[in-house]
Amino acid sequence: MDISSMDQLAKKKCKPCEGGVDPCSAAEAQKQLQNLPGWQLSDDEKWIRKQWNVKHFVQGMEFLNRVAEVAEQDGHHPDVHLIGYRKVNIELSTHAIGGLSENDFILAAKIDQVAP
């Protein structure tokens, strides 16, 4: 996986992944995350996560709806959580390969563009 800036990632489109490729290494993920402020690698190195604090429930739901639109356009779907009506957590992983692919970082960059 080539390491890209946030802007470069946001201009890419997720590619369909049905498995058969290796997930990116922890070292690659850490390097890529340097260009995605606030995103963190899980302890098992299989997903990335970011949390946002929003002003109120409606703002959280509006954000989640924007994330849903972006995710659907790219055909890559995150796990989304609204916690306590003011915290939004988003987790990304490529389930077909049991780890991270470039798609996860592409979607993370696009989510950051629509974040509150």
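Which helix is Phe57 found in? Select helix H3 (residues 57-74), and there is Phe57; helices here are DSSP runs (H or I, at least four residues), numbered from the N terminus. Before you click on, note that this is a predicted model, where local features need pLDDT of at least 70, side-chain atom pairs count only at pLDDT 80 or more, and totals for chains, interfaces and linings use all residues. Residues are numbered from 1 along each chain as its sequence is written, and side-chain values use heavy atoms, with hydrogens and water left out.

Stay on Phe57: it counts as partly exposed because its relative accessibility is 45%, and that class lies between buried (under 20%) and exposed (over 50%), using a 1.4 Å probe and protein chains only.

Next, select the largest pocket, with a volume of about 220 Å³. A pocket is an open set of points on a 1 Å grid over the protein atoms alone, where a 1.4 Å probe fits, with protein on both sides within 12 Å along at least five of seven lines; lining residues have an atom within 4 Å of a point. The volume is the space filled by probe spheres set on the points, which are joined across faces, edges and corners. Of its 14 lining residues, pick Val21, Asp22, Ser101, Glu102 and Asn103, the closest to the centre. Helix H4 (residues 102-114) gives the most to this lining, three residues.

Last stop: the second largest pocket, about 150 Å³. Among its 13 lining residues, Cys17, Gly75, His76, Thr94 and Asn103 are the closest to its centre.

Methods
Helices (H or I, at least four residues) and strands (E, at least two) are DSSP runs, numbered from the N terminus.
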